[in-house]
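User: I would like to learn how to read a few features of a structure, step by step. Could we work through the one shown here?

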Amino acid sequence: MDDSQFHSLRRDPSAAFAARLQASLRAREVSSAGRTFRHMRGFAIAAAIVAVVGGLLSVPSVRASAQSFLALFRVVNFVAVPVDENRLATLQEQNLDLPHLIGEQLQVLQDPGPPTGVASPEQAGDAAGFAVRVPAYIPTGAYLSAVQVTGTRHLQITPSADRLRQVMEALAISDLEIPQEIDGKLVDVRVSPVVMLRYDRSGAPAVQIVQTKSPAVSLPEGVDLRVLGEIGLRILGLPPVEAHEFAGTIDWQSTLIVPLPPTATSFKQVVINGNKGVAIERTLTGPNGSGTARGNMLLWSSDGMVFGIESTRASSNDVLQMAESLR
Amino acid sequence: MPGRLARWISAEPDWDAVFADQLPRVFNFFRYRFGNTADAEDLTARTFEKAWRARHRYRRDVAAFSTWLLSIARNVAADHVRARRPLVALEEASSVVAAGTPEDQAMKNSDGERLAALLQLMPERDRELLAMKYGAGMTNRAIAIATGLSESNVGTIVHRAVQTLRERW
């Protein structure tokens, strides 16, 4: 046995496994709604993925248009829904949590790669293909410290009725039927380039603004996704009656469900220049679990664009004023 | 602690770079530990997911990221060993080794398959150190730091384990 034979067991992980794991981790990044600005970078992906999980979790329902093979979902409204953490933990223990489910059935057709720093919002707009809005109002002492652009992301997800059934069985949801039509159908997600503006104060990140065109989610024809929406709401932890009524009142074609992170302490509907949005306040834990602070997140849509603002060092009032002053 | 230093210490690594750099090391660590690609993939995924969940606890002033990640991988491996039925792997390995002469096996199996089977016959500690050295590509010094053994002790254990493998080959 020579030395080279001691290395004979080494091999590169398969590209499929690497892609699947990376997608799973990215989905986890999105769904964890964590403590740092990094999460806002994934905001647009969150919007797309949460939307797309209509086949697996909640969200959009569209009656297929007669003339198109696929119906299209675009974000116009946001509705925040509290998440029962224990239910999600149950799913995670059985590898039935969202990152696993998405990772299994996700095909990344176009990976945006890491964000690229640019010199100005104008340059970001040139790279992203839309006019970047900047806030006329900036909190005292804050200044623009970084501008980044992330490229286009194109994903396809193939929902599995069997996996959804496993999720429901794990949570003892037995009174709802899964529409079999979803099985194996293709859900196509395109996320336009995302622009991030970061504002620092006293040398530390204070506010981050993320903007992108509304993710376009093409959904299979002929599936009553309102039923899937109800299933999704139940999975998130809404009681049966509430989930049924809620599912019946939401405009699933244009409403993005925002699962509230476990750290959320409050949320409310807000109106930003006539557009409905959601404001979430949450507790942030410092590095190594030390200390806590309050963070604010604001999500809304306007003129085909989706915006998000997250702050760790600005008041909710400052965040709201920044949102309203975007031009 | 100065604010800038504190931010550097608590700053998250570049996850894309970490992923590309560390995935083969972690994956091959598990390949050498358990010899099974499906297990290696599953355990690698668990390791990265745990690392992601615990990322805010990583302190770059205490350990290199690769060291921290390997410590998670070792814990995942230990959990896996506790959870599985140990006789299965030994039986499988024994059947491979006992199936013929080394020459026959060389004809029948690839070097990698034979090595995986022989590793299953090694004591847990030896197998772990071999996995760290040949799978994760760690130096004896890095293994010593990770395991708490002395560097010379690591060298001795690895040398003996290698001798045993050579004899059984």
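**Reading helices and backbone angles**

Analyst: Helix H8 of chain B is followed by B:Gly137, whose phi is positive, near 70°; helices (H or I, at least four residues) and strands (E, at least two) are DSSP runs, numbered from the N terminus. This is a predicted model, in which local features need pLDDT of at least 70 and side-chain atom pairs count only at pLDDT 80 or more, while totals for chains, interfaces and linings use all residues. Residues are numbered from 1 along each chain as its sequence is written, and chains are lettered from A and ligands numbered from 1 in the order in which they are written.

User: How many of the 12 residues of H8(B) are buried?

Analyst: A residue is buried if 20 or more other C-beta atoms, placed from the backbone, lie within 10 Å of its own, exposed if 12 or fewer, and partly exposed in between. By that criterion 9 of the 12 residues of H8(B), which spans residues 124-135, are buried, so that the helix is mostly covered; among them are B:Leu129, B:Leu130 and B:Met132, but also the charged B:Arg127, B:Glu128 and B:Lys133.

User: Which residues other than glycine have a positive phi?

Analyst: Most residues other than glycine have a negative phi. Here A:Ala172 has a positive phi near 60° and lies in the loop between helix H8 (161-170) and strand S7 (187-191) of chain A; because A:Ala172 has 9 C-beta neighbours inside 10 Å, it counts as exposed. A:Asp303, with a positive phi of about 50°, sits in the loop between strands S14 (292-302) and S15 (305-311) of chain A, and is likewise exposed, with 8 other C-beta atoms within 10 Å.

User: At what angle do H3(B) and H4(B) pack?

Analyst: Two packed helices are described by the angle between their axes and the distance between the axes. Axes are lines fitted to C-alpha atoms, for helices over the stretch in contact, and angles run from 0 to 180 degrees between N-to-C directions. H3 (residues 37-53) and H4 (residues 65-83) of chain B pack at about 130°, with their axes 9 Å apart. That makes H3(B) oblique to H4(B), since angles under 35 degrees count as roughly parallel, over 145 as roughly antiparallel, 65 to 115 as roughly perpendicular and the rest as oblique.

User: Which residues of H3(B) and H4(B) make the contact?

Analyst: Two residues are in contact if their C-beta atoms, placed from the backbone, lie within 7 Å. H3(B) contributes B:Leu43, B:Arg46, B:Thr47, B:Lys50 and B:Ala51, and H4(B) contributes B:Leu69, B:Ile72, B:Ala73, B:Val76, B:Ala77 and B:His80.
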